[in-house]
Amino acid sequence: MATNRTFTMIKPHAVAANAIGGITAMIEAAGFRVVAMKKTQLTAEQAGKFYAVHEGRPFYGELCEMMAAGAIVPMILEKENAVADFRELIGSTDPAEAAEGTIRKNYALSKGENAIHGSDSDENAAIEAAFFFSEREMY
Ligand code: CMP
């Protein structure tokens with residue numbers, strides 16, 4: 001059954017570019033409620049675990065290094081049809097293909113440094129949210 005929550009994180013290059021506020025403003029303007037949010041930093045090992053599904057892909061090493069290079073801002077978001085609507089709001093992985101008005105169109109630098117992550121399914125949203133937040137932080 002579809003849930004009304006998704007998971008996201010603002011990536012290190014976007015945090016370093018002072019884009020936390022700009023990106024969060026786009027998220028709230030699109031009708032999402034911020035359920036949980038924090039600023040933290042992953043080790044390369046933790047990034048490897050988070051992105052374990054991509055292990056073996058040519059970009060995996062670069063991805064883990066990039067995700068551990070600085071602070072990130074993970075969030076849990078709530079809205080009807082959250083996973084699908086959020087994927088639309090963030091735009092294509094490749095910023096060259098991202099539509100006008102999407103977060104990646106505004107903030108992504110490349111396929112790797114693409115500003116923001118968005119869960120691809122309800123199941124992964126729950127797993128990814130639990131990676132960063134305890135039950136009592138998700139209210
Ligand atoms: P994200 O939505 O966080 O999920 C997987 C990440 O892998 C993706 O965003 C990109 O940061 C990265 N990624 C996917 N494809 C490529 C690619 N072709 N080259 C470099 N990084 C990629």
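Seven aromatic pairs turn up in this predicted model, where a pair means rings of Phe, Tyr or Trp (its six-membered ring) with centres within 6.5 Å; planes under 30 degrees apart make it stacked, over 60 edge-to-face, and the rest tilted. Residues are numbered from 1 along each chain as its sequence is written, and side-chain values use heavy atoms, with hydrogens and water left out. Because the model is predicted, local features need pLDDT of at least 70 and side-chain atom pairs count only at pLDDT 80 or more, while totals for chains, interfaces and linings use all residues.

One of the pairs is F7 with F50: the ring centres are 5.9 Å apart and the planes sit at 45°, so this one goes down as tilted. It ties together distant parts of the chain, with F7 in strand 1 (residues 5-10) and F50 in helix 3, 43 residues apart; helices (H or I, at least four residues) and strands (E, at least two) are DSSP runs numbered from the N terminus. F7 is buried at 0% relative accessible area, and F50 is buried too, at 8%. The cut-offs here are under 20% for buried, over 50% for exposed and partly exposed in between, using a 1.4 Å probe and protein chains only.

F131 and F132 make another tilted pair, at 5.1 Å centre to centre with 55° between the planes. F131 is partly exposed, at 34%, whereas F132 is buried, at 10%. Ring pairs join F7, F50, Y51, F131 and F132 into a cluster.

K38 sits over F133, 4.8 Å from the ring centre, and K79 lies over the face of F32 at 5.6 Å.

As for open space, the largest pocket has a volume of about 710 Å³. A pocket is an open set of points on a 1 Å grid over the protein atoms alone, where a 1.4 Å probe fits, with protein on both sides within 12 Å along at least five of seven lines; lining residues have an atom within 4 Å of a point. The volume is the space filled by probe spheres set on the points. Of its 29 lining residues, Y51, H54, F59, L63 and H117 come closest to the centre. Helix 7 (122-132) is among the elements that supply at least two lining residues each, and its four residues are the largest share. By class, the lining has 10 nonpolar, 10 polar and nine charged residues.

Technical notes:
Ala, Val, Leu, Ile, Met, Phe, Trp, Tyr, Cys and Pro count as nonpolar, Asp, Glu, Lys and Arg as charged, and the others, Gly among them, as polar. A charge sits over a ring if NZ of Lys or CZ of Arg is within 6 Å of the ring centre and within 35 degrees of the ring normal.
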